[in-house]
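Hi there,

Here is the structure I promised to pass on. Have a look at it first, and my notes follow below.

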Amino acid sequence: MSAEPREEIIVHLGDRSYPVYIGYALLDSVNSMISDGVSKVAVVTQRNIGVLPEIDRPSEIFYISDGEHAKSLSTIGGLCSGFAQMGLNRKDLVLAVGGGVVSDVAGFAAASFHRGVAFAVIATSLLAQVDAAIGGKTGVNIPEGKNLVGAFWQPSFVVCELSALETLPERERRCGFGEMAKYAFLGAEELDMMPLRDQVSACVRVKASFVESDEREGDRRALLNYGHTLAHAIEAVAFGDSGTDLKHGEAVAIGLIFAALLAKRLGRIGQDRVDDHFRVVNSYGLGTKLPTGMDADTLVRAMFKDKKSFGSLAFVLDGSAGVEVVRDIDPSVVRETLLELENMK
Ligand SMILES: NC(=O)c1ccc[n+]([C@@H]2O[C@H](COP(=O)([O-])OP(=O)(O)OC[C@H]3O[C@@H](n4cnc5c(N)ncnc54)[C@H](O)[C@@H]3O)[C@@H](O)[C@H]2O)c1
């Protein structure tokens, strides 16, 4: 473990601004990050996360279960009851220690309890460090859809403890790389050439800039969904199909390659830029092929069913002016690009 100094990046949001600390061995400093006015801390985490700061004031630990199903209204209900029983009040703190599931759940419980108590995050997965913990999007799933119930609730601080990544399962690490890869095309140039610490910082900086300019995802923040349209279609088609074992970050990596091929087909970028996409995705050890058995027509149908499609196909695509939302794309061009991807060696 290295004892290099921590890096601090501020997410500038007026009176909701907060620091993101990136580095090693930061847990000992967590107490100094907590405001003096906080008298109790509710720590929300999962049992398999081997990271737990020692809090210097009365605190209780709440364990939620592992996996996407833990992002539920019943988890929120259980946490809020626990908060009430420990006497947590509006001036106290909910501290999330974990990946994106923990930060989404703990953040939404904090936003709801007493109509809002402060929350902070110690992000322990790569995906949480570069994405989920920053920006204040919190929420849970309901049977009708993922992340359908939630709130914008900015944290008071975020800690990206890099040593935590050493215990992260290899596949989860790769999934984090899938989300990370998109930042290489959203302003973090030559991302894959940097040491990991600098990669995390570069991604946090890009994410912070998007959040600062569009806190409530009106427009620009949607560009963070680069690579996600196909990824969501793959996930929708794979849903319930136990034969397709693809995680979100892995689907995003395929989505990035698809987006590059589509952008080239539409004359927005050249082959050199497509090659850049392959280089970045390959450098993270991620696959670029569509899962077997997923044909182009099924995927196009799934894209039309996406709640954000509004009856036409829109993609976040690269181009000479950078990455932007491109609407009303001819479904036959999308189908041809999917066939191109399907037939790639
Ligand atoms: N709010 C947002 O802006 C935003 C953005 C992107 C994703 N998300 C959400 O984030 C979730 C995915 O996050 P994730 O990929 O971190 O998944 P996750 O939270 O499920 O973590 C993945 C697995 O790794 C384990 N883990 C985490 N840190 C560990 C560590 N240091 N050592 C050992 N194990 C560890 C977790 O317990 C879990 O089993 C999804 O629910 C997604 O919707 C939210």
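Domain bounds here come from an automatic or database domain assignment. On that basis the chain is divided into domain 1 (7-168) and domain 2 (170-345), and the C-alpha centres of domain 1 and domain 2 lie 27 Å apart.

Two notes on reading this: residues are numbered from 1 along each chain as its sequence is written. This is a predicted model, in which local features need pLDDT of at least 70 and side-chain atom pairs count only at pLDDT 80 or more, while totals for chains, interfaces and linings use all residues.

**Between the domains**

Taking two residues as in contact if their C-beta atoms, placed from the backbone, lie within 7 Å, 21 residues of domain 1 are in contact with 22 residues of domain 2. On the domain 1 side, the elements that give two or more residues are strand E1 (7-11), strand E2 (18-23), H4 and strand E8 (145-152). Helices (H or I, at least four residues) and strands (E, at least two) are DSSP runs, numbered from the N terminus. H4 gives the largest share of this side, 5 residues. By class, the side of domain 1 that touches domain 2 has 14 nonpolar, 5 polar and 2 charged residues; Ala, Val, Leu, Ile, Met, Phe, Trp, Tyr, Cys and Pro count as nonpolar, Asp, Glu, Lys and Arg as charged, and the others, Gly among them, as polar.

Of the 28 residues around the ligand, Gly99, Gly100, Val101, Ser125 and Ala132 come nearest. Helix H3 (100-112), helix H4 (126-132) and helix H5 (170-183) each give two or more residues to this shell. The shell's residues divide into 10 nonpolar, 11 polar and 7 charged.

**Two helix pairs**

Axes are lines fitted to C-alpha atoms, for helices over the stretch in contact, and angles run from 0 to 180 degrees between N-to-C directions. Helix H8 (residues 248-265) and helix H9 (residues 271-283) have axes that come within 9 Å and cross at roughly 175°. H8 and H9 are therefore roughly antiparallel (angles under 35 degrees count as roughly parallel, over 145 as roughly antiparallel, 65 to 115 as roughly perpendicular and the rest as oblique). Their contact has 8 nonpolar, 2 polar and 2 charged residues.

Helix H10 (residues 296-305) and helix H11 (residues 331-342) pack at about 135°, with their axes 9 Å apart. That makes H10 oblique to H11.

Best wishes

Terms used: A residue is near a molecule or strand if its C-beta atom, placed from the backbone, lies within 6 Å of it.
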